[in-house]
Amino acid sequence: MNRLFDRHTQRRVQSLDGFWQFQVDPNDIGVAEQWYLQMPADSRRLLVPGCWNNELGLYHYEGSAWYSRSFTCTTPQVQLLFHGFTGQMDVYVNGRRVASQYGGFTGMAVVVENLEPGEHQLAVRVDNTHNDRNTIPLARVDWFHYGGLFRSIELHELPDVWLQDAQIRYELDRNARSVSLTMDVTIQSFGAETEERLTVEVNGEELCSVPVAMAAAGATQVQISEQTLRDVQLWDCDAPHLYLFRFTLGDDDLQERIGFRTVEVNDGQLLLNGRPLNLKGVNRHEDHPDWGFAIPLHLMRKDVEIIKMLGCNTIRGSHYPNHPVFLDLLDEEGIVFWEEIPMWGFPEQALADPLTRERGLAMHKAMVCRDLHHPSIILWGLHNEIDTRTQAGLQISQAFAEQVKTLDTSRPLTYATHHPLDDICLSTADIVSVNKYFGWYEGDIERWEQFLVDLKAKLQWEGRPHMPIIISEFGAGAIYGDNTFEAPKWTEGYQTDYLAYTLELFDSDPAIIGTYVWQYCDIRTARELDLGRPRSFNNKGIVNEYRKPKQAFWKVQERYAKQR
Ligand code: ADA
């Protein structure tokens, strides 16, 4: 399942989830041996979606691997949608390579033409190799490099003229009662020039219908503007109203869901619909010991329920674009979200690599375009803990920020910095977001107080005294079930006291507009990380990897209930 509503009601969509033939390819011989035509005799069956590292015997496997299965279609052209994969992917249909892409957290769409009705062979090579120069993420990260096709795969049978994409932008009038809409629709055609009507319905009622002259075999862009929707109900945390748009053209249709609200940064505040919003949040990885990144819907739902019970109004999707279904759940529940690309911990040399920049830009573009309509997303995160003290850091931050702003002006920008006092990139963001671990890695917990004084002095010096501050990461590791009277590091007691102290301190400071506890649940971490990580897990979760609460969970719940 890829969305909580039907994206198409007329188009024939088949799920390609289920068992695929699978073979790891540690020596990279698959291309030479033409595994895209015939998988090796000893290949096994593997369930898709899934991560191969959750299979017996493949716990640590990183490299390339092949998946294969057949599909049937009745139309000569189809679109294959891979909603999530790791690293580099090459797709082969009937032995011919039809597409390749690097970076799969926002998926990939492949159109295949000239097919005979009937059965066809599909093979996919996925390579999750990481390096320390220009893969995003790098080899050295603090989560696990799961490999595989970790979200659903769909086959869409395409009519001769089909709707590829629709982007809806809106402006609320001054009373926030009506919106004026601009809709950019991309139509693709396989046939001759033709004319059709493009109709737009909102929640089942026709909004408009326009004639469209389609170019022969190619794309036609249509812009529908100056459409007004009256008496709209805003999307807000306590009343998350959503609107379903349906675009219809000939034999095809496309649905998008949106909510109307404003988000802005003004006078030291983050305003949602004009009112200050204080963020009470957690960082969450898409991770579970049995599924890796391939979190099933019922677990996503449970995570949302637990996070709501904690008293949060926000989640940071550390550190990559999340499953669209998870974002749909947040849209429905009124929980706001910070989304970012998996650019974690890049040192200067890796930032200066042209491929890093190219890949980062492509990932940002894919993220903003895929997720533009989610009202829950209120912040775009440019990157996490890159070396923002360097010119290379500044250049890449500027390039990312500029591009995001050309794609979407409706959300503020931020990034999480771990060198806030020496950071030279703050001009690229609207909010300064700080990752710090005083009392865990660096000195005593009391150092937080002086740090906040220094941070404000830095903002003053930068000429940004009113830049709102988010504490985007702070936390302490705790081994689930470890309790002592003395509460040293790694006990639940230490973590509880740590979060009680920091949350109280942050809440007392009006310049801080939000906190994201590091982190929601314990996660598997990468072998490359040279920090101490008992169990090979990052144990700073306030629930463990099976979502069992640690003591700190109740303390955070108590604090968030009292907060602004
Ligand atoms: C960093 C990083 C997180 C995690 C955390 C930690 O700030 O952004 O992904 O690694 O530190 O636990 O040390």
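Is Phe 438 buried or exposed, and what is its relative accessible area? I looked this up in a predicted model. Phe 438 is buried, with a relative accessible area of 3%.

**Entry: ring pairs overall**
I searched the whole structure for aromatic pairs and got 33. I then took up the pair of Trp 52 and Tyr 61. Their ring centres are 5.8 Å apart and their planes stand at 55 degrees, so I put the pair down as tilted. An angle over 60 degrees would have counted as edge-to-face, and one under 30 as stacked. I also checked burial, and both Trp 52 and Tyr 61 are buried.

**Entry: back to Phe 438**
I found that Phe 438 pairs with Trp 448 in an edge-to-face arrangement. The distance is 5.2 Å centre to centre, and the angle between the planes is 90 degrees. Next I looked up where the two residues lie. Phe 438 is in the loop between strand 28 (432-435) and helix 6 (447-461), while Trp 448 is in helix 6, so the pair ties together parts that are 10 residues apart in sequence. Trp 448 is buried too, at 0% relative accessibility.

**Entry: charges over rings**
I noted two cases here. Lys 489 lies over the face of Trp 440, and its distance from the ring centre is 5.2 Å. Arg 535 has its charged end over the ring of Phe 537, at 4.4 Å from the centre of that ring.

Notes. Residues are numbered from 1 along each chain as its sequence is written. This is a predicted model: local features need pLDDT of at least 70, side-chain atom pairs count only at pLDDT 80 or more; totals for chains, interfaces and linings use all residues. Side-chain values use heavy atoms; hydrogens and water are left out. Rings of Phe, Tyr and Trp (its six-membered ring) pair if their centres lie within 6.5 Å; planes under 30 degrees apart count as stacked, over 60 as edge-to-face and the rest as tilted. Buried means under 20% relative accessible area, exposed over 50%, partly exposed in between (1.4 Å probe, protein chains only). Helices (H or I, at least four residues) and strands (E, at least two) are DSSP runs, numbered from the N terminus. A charge sits over a ring if NZ of Lys or CZ of Arg is within 6 Å of the ring centre and within 35 degrees of the ring normal.
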